[in-house]
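This report describes a protein chain and the ligand modelled with it.

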Amino acid sequence: NNETYLARQAEFESNVRSYPRKLPLAIAKAEGVWISDVEGNQYLDCLAGAGTLALGHNHPDVLQSIQNVITSGLPLHTLDLTTPLKDRFSEYLLSLLPGEGKEYCLQFTGPSGADAVEAALKLAKKYTGRTGVISFSGGYHGMTHGALAVTGNLSPKEAVNGMIPEVQFMPYPHQYRCPLGIGGEAGVRALTYYFENLINDVESGVRKPAAVILEAVQGEGGVNPAPAEWLQRIRKVTQEHGILLIIDEVQAGFARTGKLFAFEHAGIEPDIIVMSKAVGGGLPLAVLGIKKQFDAWEPGHHTGTFRGNQLAMATGLTTLQYLKDNQLADKVAAQGDWLKAQLAELQKRYPVIGHVRGLGLMLGIEIVKPGEAQDHMGCYPADGELSALLQKKCFENGLILERGGRHGCVLRLLPSLLISDDELGIFLDKFEMALLAAGV
Ligand code: PMP
């Protein structure tokens, strides 16, 4: 049973495990949006490999693409040598980027999102000859040295406190807790002032950075979409000052937010696009889209053994083609709007739901303490404890959800993009059952 496997894993692994503490199951099978554990319990999976499984579990086309590689005689490991499959994957991925292949080139990095973030930071530093990076509160970019440095949440940094490169953080907009501030007109003006008057001013103590890195919709930070105008202004100012704009689309990319890329909501083009998770269709793959004029790499400057995962390119290509051919972005956008409206109805009956936000199938439900004093913005305090209890009750009712945000107070939805309307209805039923079970 689940207990036996969990106990054995606890013996095998060091203390690094994190998901099994929150979701105590041993997975036996999965299909579509459903997971079954070794005891035969079924769960509606609204985590989907932290947003990786765009087409859900074991999609037949994805499985077939693996089968095709296995029977084709292609080597499984090719370093970064060229294969016809890599060629097709690259051409297709480039065709999805702004300019449809004319403006960007690709760089395959190591297999994880963090690997790609490292490469992006290195490239921006190499191209500009500058070292500084500006990042944002609530941003999450990964666990490696550089990626952790630009991550805005202090808790994952605790283990290496004070030992990672210095990064300058600026506040990221927050629709609920700061609706008129950073993302509003005043915030945009403040940002412009900051860039134009402080950078390179010896008295400010600020050095012009190599890059600005951000997620157009923050995921781990609690599902925070940036206002389009804010992104447009950052794009304009970075361009004017020769600062590279790196947009991390690891989680928000590939139709997740109702557009192929989340930056498309603002109509902007990044200098470097960081891609992982869905780009590999469920298998490990990470790649940068680099505006051609910023491709300052020289041979050997950024290499790695696992940059040519043929299976991941096959599953990635199949996934990307499926997304495009079936116009999943539009379906996802419509479902996201519908679900947000349903959750807003639920909010009227359950005041612990402080805010519902997000885009497409990247939604967040912020849990608050409605009995307590409101802050100056009229928001109730975040309730990370209740959010954890709700996650547990959801799990007990057969619903897998992740949490995020500073106090873990945001319940996050990242289901398969193929989730049906009926399955979204099941989600709502199970979520309400969890609210009732938590006694709120
Ligand atoms: N960037 C973003 C936006 C992410 O959400 C994540 C992972 N959650 C990463 C980077 C890091 O990816 P990985 O865990 O594959 O290193």
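## Domains

The protein chain is divided into domain 1 (2-59 + 327-437) and domain 2 (74-325), with bounds that come from an automatic or database domain assignment. This is a predicted model, in which local features need pLDDT of at least 70 and side-chain atom pairs count only at pLDDT 80 or more, while totals for chains, interfaces and linings use all residues. Residues are numbered from 1 along each chain as its sequence is written.

Between the C-alpha centres of domain 1 and domain 2 there are 25 Å. Their contact takes 31 residues from domain 1 and 28 residues from domain 2; two residues are in contact if their C-beta atoms, placed from the backbone, lie within 7 Å. On the side of domain 1 that touches domain 2, the elements giving two or more residues are α3 (48-51), α11 (328-349), β13 (353-359), β14 (362-367) and β17 (410-413). Helices (H or I, at least four residues) and strands (E, at least two) are DSSP runs, numbered from the N terminus. By class, this side of domain 1 has 16 nonpolar, 11 polar and 4 charged residues. Ala, Val, Leu, Ile, Met, Phe, Trp, Tyr, Cys and Pro count as nonpolar, Asp, Glu, Lys and Arg as charged, and the others, Gly among them, as polar.

## Ligand shell

The ligand is surrounded by 15 residues, of which Ser-112, Gly-113, Ala-114, Gly-142 and Val-250 are the closest. A residue is near a molecule if its C-beta atom, placed from the backbone, lies within 6 Å of it. Helix α6 (residues 113-128) gives the most to this shell, with 3 residues. Sorted by class, the shell around the ligand holds 5 nonpolar, 7 polar and 3 charged residues.

## Helix α5

Helix α5 (residues 84-96) has 13 residues and reaches 19 Å from its first C-alpha to its last, close to the 18 Å expected at 1.5 Å a residue. The expected span is 1.5 Å times one less than the number of residues in the helix. Leu-85, Lys-86, Phe-89, Leu-93 and Leu-96 are the buried residues of α5. Seen down the axis of α5, these buried residues fall within an arc of 95°, so they line one face of the helix. The arc is that of the directions from the helix axis to the C-beta atoms. An α-helix has 3.6 residues a turn, so residues three or four places apart point the same way.

A residue is buried if 20 or more other C-beta atoms lie within 10 Å of its own, exposed if 12 or fewer, and partly exposed in between, with C-beta atoms placed from the backbone. The buried residues of α5 pack against β4 (104-108), β12 (287-291) and α10 (310-325). On the face turned away from the buried side, α5 carries the exposed residues Pro-84, Asp-87 and Glu-91.

Helix α9 (residues 228-241) has 14 residues and reaches 20 Å from its first C-alpha to its last, close to the 20 Å expected at 1.5 Å a residue. Its buried residues are Trp-230, Leu-231, Ile-234, Arg-235 and Thr-238. They cover an arc of only 140° around the axis, which puts them on the same side of α9. Just after α9 comes Gly-242, with a positive phi of about 65°.

In α12 (384-396), Ser-387, Leu-390, Gln-391, Lys-393 and Cys-394 are buried. Seen down the axis of α12, these residues fall within an arc of 165°, so they line one face of the helix. They pack against α2 (19-22), β14, β15 (399-400), β16 (402-404), β17 and α13 (421-437). Gly-398, which follows α12, has a positive phi near 80°.

## Single residues

Tyr-380 is placed in the loop between β14 and α12. Tyr-380 is partly exposed, with 19 other C-beta atoms within 10 Å. Not counting residues up to four places away in sequence, Tyr-380 touches Gly-354, Val-368, Lys-369, Pro-370, Glu-372 and Gln-374. Its C-alpha atom is separated by 9.1 Å from that of Ile-367, 13 residues apart along the chain.

Ala-50 lies in helix α3, and its phi is near 50°, a positive value in a residue other than glycine. With 16 C-beta neighbours inside 10 Å, Ala-50 counts as partly exposed. Gln-327 lies in the loop between α10 and α11; phi of Gln-327 is near 45°, also positive in a residue other than glycine. Gln-327 is exposed, with 10 other C-beta atoms within 10 Å.
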